[in-house]
Amino acid sequence: MSDRTVERLGGDEWAITATLALAGLGIAAGSQLLVAAATLPLWYVAAAAFGTNRPAMVRVNRRISVRDGASGGVIDDVDESTNSGSAAVSADPGETVTVRTTVQNAGSETIVDLRVVDGVPEALPVVSGSPRACETLEPLEETTLEYEIEPRRGEHAFDDATVRTRDLTGTVAETWRAGVSGDDAVRRSPTVESVSLGDGANDYAGEVPTDEGGSGLEFYAVREYEPGDPVRSIDWRRYAGSRELATVEYRAERATRIVCVVDARPSQFSAATTARPPAIERSADAAERALEALVAAGHPTGVVGLHERRLTTVAPGTDPATRREASQLLEGVREANYLGYRSNARTRTDDPVADLPRTLPGEAQVYLFSSFVDDEPVDLVERLRARGYAVRVISPDVTAGPDDISTRLESLDRETRLARARATGARVIDWDREQSLGVLLRNAIRTGGTR
């Protein structure tokens, strides 16, 4: 608990004025009662100045829980009896972080005027409820501040709560910072979940089943023997019964080569409101999580930043260098600093949408992260599909802002663009703020897409 600041609110001029007015009125009216009443304001000031006012004592505890934006269920709720306050609570983009801060009167006297402000990190906007309270608390009585904040990238620590009390007269106030037990930080960098893959595959051996025979573990078909077939693939049971040679084929498995394309043009730095993260931040976060999951599963994955007149690229791979370079690229994308990515894989172009499909590796899946607030992402999807690429679209919605005519028109235009993208055969996920990123990625790359 930090040092307390004691201050006196207002002056005593009102007491002198009231005393003189009542005394004068009592003398003029010949009323001894009014003359006696004239001393009351002075007694009030004396009580405030010389009274023994014990410092208020409070206990503050903070509990943070994370709720899935889609289901509303609690997915991370720390037990305040065991939590030491040193670990940050993890949250995904789109999930709701609920904060409950309980303030208890730990003293033996009533606090007639208690005002509390929780130490919310400046970078985290409060989206509902209030981190402030004004209450009267009896001894051992408590009150709870409940509010919701939107997680932002990185780890954000809460400050101590600011407490302010006033005495019964309302003329003396004490202000101090009260230490808070329980949870003290929110981190938006959760462990990457394992995810299933789509249907695009290349010629590298891997874990994704294909519709062709080859080396693998799952039975695929039996065909006629051809000279040169491996001896171990001959169906000897069939030969023993019919004296006919046949070859057993197993379902070939291929590694999926994936390229995450992040739309980093100026239009992507818009948000639904000033308190919401912009589309580029949400897209980069989703791309980074998808890349980490896929690389961890052994699938060559790369990243392309689609800028206004430039492409920044990290070629698909699974090695630590690929992951490091991709992380650096995405960090530059978030900060609109594509020049900060020190790689030779930067291509200047007057038409990045037209040039991008020609630079992608063949037989790759493409995951496009864009808010679709203009027509260029639709053009890109059409070009990619025309070249036979499997396309998944993850589109953060930034049109869910104020309910006015302009916003509604923007939302309708965006829905039309997403419908055009679906018409090409691309798998499209419309990502609203309430949807969990983990659920979104599972839906986006679920098996069964169209090539």
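**Close-up views of a predicted model**

**View 1. Salt bridge between D263 and R265.** D263 and R265 form a salt bridge in which the closest N and O atoms are 2.8 Å apart. The coordinates come from a predicted model. D263 is buried, with a relative accessibility of 1%. R265 also counts as buried, at 6% relative accessibility. In total, the structure holds 19 salt bridges.

**View 2. Strand β17 and its burial.** Strand β17 spans residues 258-263, and six of its six residues are buried, so the strand is largely enclosed by the rest of the structure. Both of its faces are covered. I258, C260 and V262 lie on one side, while V259, V261 and D263 lie on the other.

View 3. Strands of a sheet pair through backbone hydrogen bonds, either parallel or antiparallel. β17 pairs with β18 (residues 301-306) in the parallel sense, over six bridges. Within β18, V303 is the bridge partner of C260. β17 also runs parallel to β21 (residues 365-369), to which five bridges join it. Here V259 has V366 of β21 as its bridge partner.

**View 4. The seven-stranded sheet.** The strands form an open sheet of seven with mixed pairing, in the order β20-β19-β18-β17-β21-β22-β23. Its edge strands are β20 (346-348) and β23 (427-431), each of which pairs on one side only. On average, neighbouring strands of this sheet are turned by 15 degrees against each other, direction ignored. An antiparallel pairing occurs between β18 and β19 (residues 310-317), over five bridges. In that pairing, T312 of β19 is the bridge partner of G305.

View 5. β18 and β19 pair in the antiparallel sense. Helix α5 (residues 279-296) packs on the sheet and touches β17, β18, β19, β21, β22 (390-396) and β23. The direction of α5 makes about 170 degrees with that of β17. Helix α8 lies across β17, β18, β21 and β22, and runs at about 165 degrees to β22.

**View 6. Salt bridge between E288 and R334.** The side chains of E288 and R334 meet in a salt bridge, with an N to O distance of 2.6 Å. This pair links distant parts of the chain: E288 is in helix α5 and R334 in helix α6 (residues 320-334), 46 residues apart. Both E288 and R334 are buried.

**View 7. Salt bridge between R309 and D350.** R309 forms a salt bridge with D350, and their closest N and O atoms are 3.4 Å apart. R309 lies in the loop between β18 and β19, and D350 in the loop between β20 and α7 (352-359); the pair links distant parts of the chain, 41 residues apart. R309 is partly exposed, at 45% relative accessibility. D350 counts as exposed, with a relative accessibility of 67%.

View 8. L140 is not a glycine, although its phi is positive, at about 70 degrees. This residue is found in the loop between β8 (132-137) and β9 (142-149). Its relative accessibility is 59%, so L140 counts as exposed. F372 is likewise not a glycine and has a positive phi of about 55 degrees. The loop that holds F372 runs between β21 and α8 (376-386). F372 is buried, with a relative accessible area of 0%.

Methods. Residues numbered from 1 in each chain as written. Predicted model: local features only at pLDDT ≥ 70, side-chain atom pairs only at ≥ 80, totals over all residues. Heavy atoms only, no water. Buried < 20%, exposed > 50% of the residue type's maximum accessible area, 1.4 Å probe, protein only. Helix = DSSP H or I, 4+ residues; strand = E, 2+ residues; numbered from the N terminus. Pairing = 2+ DSSP bridges. Axes fitted to C-alpha atoms, helices over the stretch in contact; angles between N-to-C directions. Contact = heavy atoms within 4.5 Å. Salt bridge = Lys/Arg side-chain N within 4 Å of Asp/Glu carboxyl O.
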